[in-house]
Amino acid sequence: MRRRPGIGGLQTAAAARDQYRLLGENVAKLKTDLMKEQLATFRSQLEDFARKHKNDIRKNPAFRSQFHEMCAKVGVDPLASNKGFWAELLGIGDFYYELGVQIVDICLATRLHNGGLIKLEELCKLLNQRRKSAREAVFDDDCLRAISKLKVLGSGFEVISVGKRKLVRSVPTELNKDHNEILELAQAQGFVTVEEVERRISWSSGRATDALETLLDEGLAMIDDGHRDGKRRYWFPCVSSISSYVGAETL
């Protein structure tokens with residue numbers, strides 16, 4: 001028959017558990033302190049690196065992207081404020097705030113053509129054309145960082161993924177799964193027809209028409225009824241170049 005431990009045995013076991021707990025807490029504290037010390041050292045080295053390579057960071061988009069990745073790994077956000085050490089050292093805060101203003105201007109100027117949805121690479125191309133007199137070129141990564149700062153403006157101004165392509169939305173229109181599937185399908189040739197949506201996605205005619213007409217009402221699609229086959233084509237400027245849909249008409 002198994003004997004129960006006495007009071008003394010229970011007290012000894014409890015004391016042992018307390019010792020193990022204290023030991024564990026001390027080890028965890030030592031590890032935390034060591035990590036803090038390592039992070040402080042790394043941040044100091046990051047500041048030295050930024051001072052040494054500030055011209056490359058400001059002028060080279062690829063180098064700038066890698067610098068942001070290093071900052072993220074140690075919890076530093078150079079864009080958190082346009083004042084302070086990073087802004088004074090690199091002027092990087094002002095760079096992205098200026099970029100954000102230019103993005104807003106381009107999105108507003110092109111909204112009549114694309115309904116407030118523009119390809120990220122097209123936005124980046126237009127930005128570089130506008131900034132051709134500036135020394136700093138911009139890449140997709142710069143646009144994404146600048147757009148993230150535009151969220152303070154409320155709804156709109158966000159990046160959405162349609163298939164493998166990224167689109168910048170500057171209107172509060174909410175796109176559902178059906179709309180995204182149609183936009184992904186339209187990427188092949190810039191337009192779709194109701195019949196094509198039915199065949200390729202296996203939808204009913206009513207579902208396809210409803211989704212396409214919603215996109216049309218939101219200004220994201222344009223229609224072309226001038227083809228011999230009599231099939232209405234729904235063009236999507238946000239996934240095709242302007243030259244490819246010249247001649248399409250809106251309702």
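This is a predicted model: local features need pLDDT of at least 70, side-chain atom pairs count only at pLDDT 80 or more; totals for chains, interfaces and linings use all residues.
At the start of helix α8, a side-chain oxygen of Asn-176 comes to within 3.0 Å of the backbone nitrogen of Asp-178. Helix α8 covers residues 177-186, and its buried members are Asp-178, His-179, Ile-182, Leu-183, Leu-185 and Ala-186. These residues span an arc of only 160° around the axis, so they lie on the same side of α8. An α-helix has 3.6 residues a turn, so residues three or four places apart point the same way. The cover over the buried residues of α8 includes strands β1, β2 and β4, together with helices α9 and α10. Of these, β4 spans 191-192, α9 spans 194-201 and α10 spans 205-217.

The protein as a whole contains 10 helices and six strands. Of its 251 residues, 37% are buried. Among contacts with a separation of 6 or more, 56% join residues 24 or more positions apart. The accessible surface is about 15400 Å². Carbon and sulfur atoms contribute 52% of that surface.

Strands of a sheet pair through backbone hydrogen bonds, either parallel or antiparallel. Here, β1 is joined to β3 (residues 165-169) by three bridges, and the two run antiparallel. Leu-117 is placed opposite Arg-169 in β3. The antiparallel pairing of β2 with β3 extends over five bridges. In this pairing, Ile-160 faces Leu-167 in β3. Strands β2 and β3 form a hairpin, with two residues between them. Gly-163, in the turn, has a positive phi of about 65°.

A further open sheet has three strands in the order β4-β6-β5, and its pairing is antiparallel. Its edge strands are β4 and β5, each of which pairs on one side only. Two bridges link β4 and β6 in the antiparallel sense. Val-192 stands opposite Tyr-234 in β6.

Arg-232 lies in the loop between β5 (222-224) and β6 (233-235). Arg-232 is partly exposed, because its relative accessibility is 29%. Its side chain makes a polar contact of 2.9 Å with the side chain of Asp-225. Beyond its neighbours within four places in sequence, Arg-232 is in contact with Val-192, Thr-193, Glu-213, Ile-223, Asp-224 and Asp-225. The C-alpha atoms of Arg-232 and Val-194 are separated by 7.7 Å, while the two residues are 38 residues apart along the chain.

Asp-142 belongs to helix α7 (residues 140-148). With 1% relative accessibility, Asp-142 counts as buried, because the limit for that class is under 20%. Leaving aside neighbours within four places in sequence, the contacts of Asp-142 are Pro-61, Arg-64, Phe-95, Tyr-96, Leu-99 and Ala-137. Gln-102 is part of helix α5 (residues 92-114). At 12% relative accessibility, Gln-102 also counts as buried. Gln-102 touches Leu-127, Arg-130 and Arg-131, not counting residues up to four places away in sequence.

The loop between α9 and α10 holds Ser-202. Most residues other than glycine have a negative phi, and most peptide bonds are trans. Ser-202 has a positive phi of about 60° although it is not a glycine. At 63% relative accessibility, Ser-202 counts as exposed.

Methods
Residues are numbered from 1 along each chain as its sequence is written. Side-chain values use heavy atoms; hydrogens and water are left out. Helices (H or I, at least four residues) and strands (E, at least two) are DSSP runs, numbered from the N terminus. Buried means under 20% relative accessible area, exposed over 50%, partly exposed in between (1.4 Å probe, protein chains only). Contact means heavy atoms within 4.5 Å. Accessible areas come from the Shrake-Rupley method with a 1.4 Å probe; for residues, only the protein chains shown count as cover. Two strands pair if DSSP finds at least two bridges between them. The arc is that of the directions from the helix axis to the C-beta atoms. A polar contact is a pair of N or O atoms within 3.5 Å; within protein, one must be able to donate a hydrogen and the other to accept it, and residues adjacent in sequence count only if both atoms are side-chain atoms.
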